[in-house]
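Reader: Hi! I'm new to this one, could you walk me through it?
Author: Happy to, let's take a look together.

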Amino acid sequence: MARTRAGRAAKLGGLAGTQTVRLAAGKAADLVRSPERADEAERLRNALLAERLVAVLGTMRGAAMKLGQMLSLVDPGFVPPEYRDLFQSTLATLQDNAPRVPWTEMRDHLESELGGELATAFAEFEREPIAAASIGQVYRARLLDGRPVAVKVQYPGIEQAVLADLKNLRTLLSVYRFVHPALDTAALADEFEARIREELDYRIEARNTRLMHEAYRDHPFIRIPELICALSGQRVLVTEWLAGKPLRAAYDSPLDERNRLAEILFRFYCGAPYSMHFYSGDPHPGNAVLCDDGSIGFLDFGLCKTVRADIAAAELTGLRAGIDGDVARIVELMQTRGFATAAQVSDKQAYEVFLRLFGWYLRDGPTEFGPDIATDLVALLGPAPDVSLRPFNLPAEHALRGRAELQLLAILGQLRPHTNLHIVAREWIFDDEPRTELGRAHRDWVGHRTGSAPSMPPTSVSFQPESRSTVTW
């Protein structure tokens with residue numbers, strides 16, 4: 001694993017430059033030699049490119065590996081649409097199954113952090129990791145009292161590599177300002193650095209995990225693992241083991257089940273900023289597990305953020321204005337919150353961008369989610385000919401939320417539900433009564449926090465009264 005700024009930049013640059021030249025040259029040669037096999041050659045090249053990305057980004061780890069995880073969910077136009085599934089399915093291994101660090105190296109590091117041999121803390125400890133993520137590996141173990149646990153151990157030397165990535169990211173963002181001149185890239189770089197530095201300290205993740213566990217204790221369909229405080233520290237985190245299947249196992253489930261899971265994901269990632277003023281900022285399939293009772297277990301709270309009450313209130317005001325079609329109010333809020341100025345954008349531009357970003361849950365009616373929804377949003381980051389984000393700024397306090405919602409939307413694209421998330425969002429936007437079974441179960445749980453949790457609702461069926469949103473496609 002390269003750890004210096006120059007070494008990591010060179011690895012990424014070599015991947016992008018050399019591989020692209022080889023692909024282009026090889027494609028041209030194949031077209032000349034055997035036109036009838038050009039499609040097959042293209043498919044193989046995209047598969048090899050994805051495998052190369054896994055090898056390079058996986059061994060680089062850190063922020064570079066997070067880039068690979070994002071590419072496994074969102075296609076920025078690297079490959080033709082017909083090869084997107086092949087490309088992203090290969091990159092999906094970076095979500096929780098990247099190249100492993102050898103056990104001998106990890107064991108010495110783990111025992112050093114624990115201050116003693118493994119046998120003093122664990123009755124059993126499996127040497128093969130069950131997941132390998134961007135900054136650490138996860139092992140399954142059993143405590144001396146018999147409880148099964150997950151043990152996350154930070155890679156040796158990863159902090160130096162991540163800090164090198166952050167310096168390179170700052171440089172890239174400063175260059176990106178030529179594409180988006182209104183963007184305050186320095187503030188964004190500061191925000192990303194602050195959040196990633198927090199992620200490197202597992203003591204902060206331990207606090208976040210404990211906060212989330214207490215907030216969702218006995219919830220009917222959301223599970224958060226309990227923290228084992230005595231064994232957790234700066235580079236080791238131990239939590240209870242949540243048994244279940246990976247989220248990817250549900251991609252081929254019946255539509256009703258995919259709709260139900262989509263609603264749970266949406267409630268957790270998009271509802272928490274308003275109900276808790278705190279949220280998890282790193283949704284991807286490797287951070288969710290399908291529990292046997294039908295709930296979803298959420299993992300990994302290293303990348304979290306608190307939402308100030310005034311920011312949450314302003315966001316809700318903006319969402320209500322969008323639903324009501326109050327363009328003047330949206331433009332006013334954009335200017336107040338630092339997204340744009342009247343001199344930069346017209347009312348029409350502001351409303352079009354607003355609907356492109358949030359229309360997937362502002363529109364009252366069933367939406368068929370697919371990969372194209374997230375891909376279309378990524379296209380806004382470039383010099384798009386129709387609607388572009390170029391005249392707009394992204395205030396630093398909203399950066400992590402924007403990234404998290406894009407990743408959630410990409411997950412929904414892979415889950416492919418056909419559902420109405422607008423009626424769910426109205427619960428926190430307008431304080432409406434819930435109109436789904438999951439919503440009613442959540443409401444009952446909120447009202448009976450001191451009693452037993454309601455039973456798990458079997459479906460996400462809802463009734464559909466006349467639409468109360470002015471947002472249309």
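Reader: Which residues touch the most other members in the largest nonpolar core?
Author: Of its 103 residues, those are Phe122, Val151, Leu265, Phe266, Phe298 and Trp360. Such a core is a set of buried Ala, Val, Leu, Ile, Met, Phe, Trp, Tyr and Cys residues joined through side-chain atoms within 4.5 Å. Helix H9 gives the most to this core, ten residues. Keep in mind that this is a predicted model, where local features need pLDDT of at least 70 and side-chain atom pairs count only at pLDDT 80 or more, while totals for chains, interfaces and linings use all residues. Residues are numbered from 1 along each chain as its sequence is written, and side-chain values use heavy atoms, leaving out hydrogens and water.

Reader: Thanks! What does Phe122 contact, neighbours within four places in sequence aside?
Author: Its partners include Leu114, Val151, Leu231 and Val238; contact means heavy atoms within 4.5 Å.

Reader: And how do H9 and H15 pack, at what angle?
Author: H9 (residues 255-275) and H15 (residues 422-429) pack at about 20 degrees, with axes 10 Å apart. That makes H9 roughly parallel to H15, a label for angles under 35 degrees.

Reader: Which residues make that contact?
Author: From H9 come Glu263, Phe266, Arg267, Cys270, Gly271 and Tyr274, and from H15 Val424, Ala425, Glu427 and Trp428.

Reader: Switching topic, how much of the chain is buried?
Author: Of its 473 residues, 52% count as buried, meaning under 20% relative accessible area with a 1.4 Å probe, protein chains only.

Conventions
Axes are lines fitted to C-alpha atoms, for helices over the stretch in contact, and angles run from 0 to 180 degrees between N-to-C directions. Helices (H or I, at least four residues) and strands (E, at least two) are DSSP runs, numbered from the N terminus. Angles under 35 degrees count as roughly parallel, over 145 as roughly antiparallel, 65 to 115 as roughly perpendicular and the rest as oblique. Buried means under 20% relative accessible area, exposed over 50%, partly exposed in between (1.4 Å probe, protein chains only).
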